[in-house]
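Please look through the sequence and the model shown here before reading on.

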Amino acid sequence: MSTDSDRLERQRNRNGWLLSTPALVLLAFGATGPLLIMFVYSFLEPGKYGNVIWEFSTKAWFNVFVQRDIFDGTLSPADAHLTILWRSVKLSLMTTIFTFIVGFPTAWFIATRPPRMRTLLLFLITIPFWTNLLIRTFAINQIIRNEGLLNTLLLKLGIINEPLLIIYSDFAVFIGMTYVYLPLMVLPLFASIDRFDMRLVEAGYDLYASRWQVLKRVIVPIVKPGIISGSILVFIPSLGAYVTPRILGGGRNMMIGNFIELQFGQGRNWPLGAALSVILLLIVAVALVVYVRFANRGDSNV
Amino acid sequence: MFNRSFSISRLPGFTTIAILVFVMLYLPIAMLVVFSFNSGTSVAIWEGFTLEWYPRAWANEQVKDATIRSLIIASTASVIATIVATMAALATTRRKQTRGQTFVYILINQPLMVPEIVTAVALLIFFASIKVATGYQGLGYLITAHAAFCIPFAYLPIRARLEGMDLTLETAAADLYATPWQTFRYVTLPLVMPGAIAGLMLAFVTSLDDVVITLFVKSAGQDTLPTYMLAQIRRAVTTEVNAISTLLLGLTVIMLTAFFLLTRKRN
């Protein structure tokens with residue numbers, strides 16, 4: 001009997017591989033395989049009109065961090081690249097922190113409503129999440145542009161005399177990313193708060209804990225997995241953001257995503273673009289590893 | 001002290017912040033929709049109601065072209081993604097986790113983890129050499145790319161559906177001398193169907209919304225609706241884009257509502 005079911009099990013596993021094949025082939029051609037080719041390209045010479053020359057070179061990787069002076073050949077840090085990298089990380093961290101600050105109360109509010117209301121509010125958070133990112137960024141653009149709604153309103157009310165120059169700045173990108181990625185913070189936070197047993201708060205109060213102490217000692221440790229997933233879910237797309245900085249950011253205040261694009265357009269330096277993409281991928285990988293570590297640790301505590 | 005239980009769910013300021021968040025989340029989108037009906041070209045000053053921007057957008061050959069292209073890509077890619085994702089979901093659920101399966105699972109979800117811009121660049125590099133080698137410039141590249149990144153969106157609801165499935169039903173069918181095909185056709189497939197339809201809709205919406213990957217993969221003259229809109233946004237007058245956005249928004253909301261109703265029935 002047991003050998004029979006073993007045989008069945010084995011057959012199933014074999015079928016399993018066969019059934020997965022089409023998906024895996026498609027992914028190999030349309031996602032994973034090209035990533036490996038991109039890695040190879042980062043070690044080639046740039047072609048004159050884009051594309052590459054098939055000669056091994058570590059110049060692209062070198063150029064990411066260091067630049068050679070065109071006159072005297074001295075080496076100095078590649079300020080432009082480092083500034084862009086730093087701006088991307090800074091804006092992404094700011095976005096993550098701010099979405100948490102406003103996302104946590106929102107998730108808490110939703111989780112403490114009666115079931116019917118909760119479903120509705122959750123649905124209301126989910127709609128923007130699935131709504132075209134381009135459209136949502138465009139909506140923010142229309143609010144904050146110089147002749148947009150915000151400026152028109154403030155001018156009419158006489159609060160300001162000249163339009164606020166918000167759009168095409170780092171701040172505009174920050175507003176846009178916060179708006180666009182907020183649902184990604186609220187949803188996992190809600191999921192962890194929802195599982196949270198409210199009696200624990202009551203117990204905390206009964207033991208004479210202050211509100212702040214309850215928040216810090218009882219609530220935050222328990223909803224930590226949600227905080228971590230939310231932060232990762234916001235941080236990763238923020239770091240790789242392309243559409244939002246393109247629509248709301250200034251031409252010079254690029255984020256890494258836009259700078260990568262530039263290398264494949266006017267920059268005509270595909271290897272450099274490939275190397276920068278690999279770096280972006282590495283940062284994301286590190287973030288994911290940290291996430292898995294933390295998430296597992298949280299599990300073993302519970 | 002007696003209102004202690006009251007304070008459990010109402011930490012100070014939380015409600016205010018939450019309400020503000022909901023207002024701020026919807027206000028910009030609402031304004032975008034409202035001003036698509038504005039008879040002037042301003043996005044801030046209301047000059048009267050009109051529907052003229054909708055026919056005007058549709059009369060634009062580029063918009064019409066891009067719409068049709070978007071729909072062709074989204075429907076083809078989402079159908080392909082759903083079929084292969086259903087097969088993969090059948091293969092990776094309902095049995096003991098092996099190392100091979102974890103590997104498949106990671107590969108399938110890979111498009112969710114890699115930043116879109118990185119995938120876009122990698123595809124640009126890969127497809128550029130294929131374009132040179134074969135001379136083919138058609139929609140095949142966009143459909144391949146879209147189908148690939150749609151796989152996880154189709155896969156997840158199907159997997160969720162299969163995990164809640166009673167395995168003994170298939171055994172019962174086999175005991176009643178059903179062939180493996182009959183078991184699949186009359187037992188497994190009907191049970192998977194709601195998940196597959198939900199997956200199909202998510203994949204369709206995801207494909208329809210994509211900007212970044214499309215922008216890098218498309219050949220000249222292959223604009224989809226989102227890439228066309230992206231090119232228009234920096235212009236001074238964008239009312240036409242408002243109208244297109246409103247229609248796309250409507251479509252998304254309809255699909256999502258259907259998705260929610262479909263997945264809720266299960267519970």
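Predicted model: local features only at pLDDT ≥ 70, side-chain atom pairs only at ≥ 80, totals over all residues.

Residues are numbered from 1 along each chain as its sequence is written, while chains are lettered from A and ligands numbered from 1 in the order in which they are written.

Chain A has twelve helices and four strands, where helices (H or I, at least four residues) and strands (E, at least two) are DSSP runs numbered from the N terminus. Some values for chain A are gathered here.

| Property of chain A | Value |
|---|---|
| Radius of gyration, over C-alpha atoms | 25 Å |
| Box of the C-alpha atoms, along the principal axes | roughly 85 × 75 × 35 Å |

The globule rule is 2.2 Å times the number of residues to the power 0.38. Of the 302 residues of chain A, 42% count as buried; a residue is buried if 20 or more other C-beta atoms, placed from the backbone, lie within 10 Å of its own. Helix 11 of chain A (residues 256-264) is largely enclosed by the rest of the structure, because eight of its nine residues are buried, among them Ile256(A), Phe259(A) and Phe264(A).

The contact between the chains takes 75 residues from chain A and 70 residues from chain B, two residues being in contact if their C-beta atoms, placed from the backbone, lie within 7 Å. Helix 1 of chain A (residues 2-41) gives the most to the side of chain A that touches chain B, with 21 residues.

Leaving aside neighbours within four places in sequence, Ala85(B) is in contact with residues including Ala23(A), Ile151(B) and Gly199(B).

In chain B, the domain assignment gives domain 1 (1-50) and domain 2 (60-264), with bounds that come from an automatic or database domain assignment. The C-alpha centres of these two domains of chain B lie 32 Å apart, and seven residues of domain 1 are in contact with seven residues of domain 2.

How values were computed
Buried ≥ 20, exposed ≤ 12 C-beta atoms within 10 Å, placed from the backbone.
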